[in-house]
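Please work through the exercises below with the sequence and the model open. Each task is followed by a solution in steps.

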Amino acid sequence: MTVHAILDDGNIKEIHKVTGGPYGGIKVNQQFEALLNELLDARKLQTYRKQHSSDWLCLMNEFEGKKRGERILDSKVMTNIRLPRSFVHLANQCWRSRHGEKDVKLKNNEYLSLSSEVMKRLFLPVIGDIKKHLKFLQRNPQLAKVKTMLLVGGFADSALLQKEIKSEFSRKFRVLIPNNAAIEVVQGAVMFGKKPSKITERVMCTTYGARCVRNFQPGVHREEKKFVVDGIEKCHDLFCLFVKENATVPIGEKFTRIYTPCRATSDNMALSFYATSNPDAEYITDPEMTRIGSVTVLSPDTWRGKDRKVEVSMYFGRTEITAAAKDVSSGNVARTILDFLHS
């Protein structure tokens, strides 16, 4: 979930970091799978998924379409989910429904029919979490001027989700739901890629930094991180903060830190970049720390000893977060795009 303000010039700035959780339509799919485990033998169903993977995919695609339909809202009708023949065969072997036929039934050996009540039950956990999170954001004084709520994404096409959000929030917000809400996400991504400057500011949703080495301070640094270089006690694996969670960053903003070689004879400097959900992290080995990239910059002027500066920068706000290291004396530069799948 994101929160933006539209500026007088038509540009947009982010006013709250991206938040959220497991609130997507996939959670409804998981509830549906749990229902199937309840209706059939769970072990046989697991075997079926492996042996008939294409039929299982067809079944889940069928449910994907049905869960968006308006029949869920009508308590007098049931939602009919077409079943592959292989699944019908399995169901006839191990059907063990504890529900009455008004709620759950195999129809004509072709459909799994679910009542409106049963279908709604599949949505309740995730819709409850969405409402809870939106109410949490409402209590933030920083967001008091927010007047419009926009639903986009595949799950936003769900008639039940639309009804629940409008019922809960339409008294205070104008709730907008575009046609083909799933496609709007793709269109927005394309438009942003063509004109990333449209968003002038972002709010960091995580904390970014890089690995560094500093002189060891007894009582401050951990003993196990101590090592000796050229007779000087150093501390390695320290986290050098570049930008902190919740910081507002203008488009294209650059954050720079100055590094110097640890050893006088080093002719290069290797740098690793990290992201963490802990804004007070001290070491790159702390929990919730993720390595997102690295660069190595050549620093050939070893005759300068340790009197060499390397400017290490991170660039934020555009479609990608990038990092660079520049050896000042030689002018050598190394760049990388930070990758959140990097390991």
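The model is predicted: local features need pLDDT of at least 70, side-chain atom pairs count only at pLDDT 80 or more, and totals for chains, interfaces and linings use all residues. Residues are numbered from 1 along each chain as its sequence is written, and side-chain values use heavy atoms, with hydrogens and water left out.

**Exercise 1.** Describe the largest pocket and its lining.

Step 1. A pocket is an open set of points on a 1 Å grid over the protein atoms alone, with protein on both sides within 12 Å along at least five of seven lines; lining residues have an atom within 4 Å of a point.

Step 2. The volume of the largest pocket is about 1800 Å³, where a volume is the space filled by probe spheres (1.4 Å probe) set on the points.

Step 3. There are 47 lining residues, and T2, H4, L150, L151 and V152 lie nearest the centre.

Step 4. Helices (H or I, at least four residues) and strands (E, at least two) are DSSP runs, numbered from the N terminus. The largest share of the lining, 7 residues, is supplied by α7; elements giving at least two residues include β1 (3–6), α5 (116–138) and α7 (181–194).

Step 5. The lining comprises 28 nonpolar, 13 polar and 6 charged residues. Here Ala, Val, Leu, Ile, Met, Phe, Trp, Tyr, Cys and Pro count as nonpolar, Asp, Glu, Lys and Arg as charged, and the others, Gly among them, as polar.

**Exercise 2.** Characterise the second largest pocket.

Step 1. Its volume is about 530 Å³.

Step 2. Of its 22 lining residues, V213, Y259, T260, C262 and M269 are the closest to the centre.

Step 3. Two or more lining residues come from each of β9 (207–215), β11 (232–243), β13 (254–259) and β14 (268–276).

Step 4. By class, 11 are nonpolar, 6 polar and 5 charged.

**Exercise 3.** Which strands form the open sheet, and in what order?

Step 1. The 4 strands run in the order β13-β16-β17-β18, with antiparallel pairing; two strands pair if DSSP finds at least two bridges between them.

Step 2. β13 and β18 (333–337) are the edge strands, each pairing on one side only.

Step 3. Between β17 (residues 322–327) and β18 there are 5 bridges, and A323 stands opposite T336 in β18.

**Exercise 4.** Is S272 buried or exposed?

Step 1. S272 lies in strand β14.

Step 2. S272 counts as buried because its relative accessibility is 14%, and buried means under 20% relative accessible area (1.4 Å probe, protein chains only).

Step 3. Leaving aside residues up to four places away in sequence, S272 touches G209, A210, R211, R291, G293 and S294, contact meaning heavy atoms within 4.5 Å.

Conventions
Buried means under 20% relative accessible area, exposed over 50%, partly exposed in between (1.4 Å probe, protein chains only).
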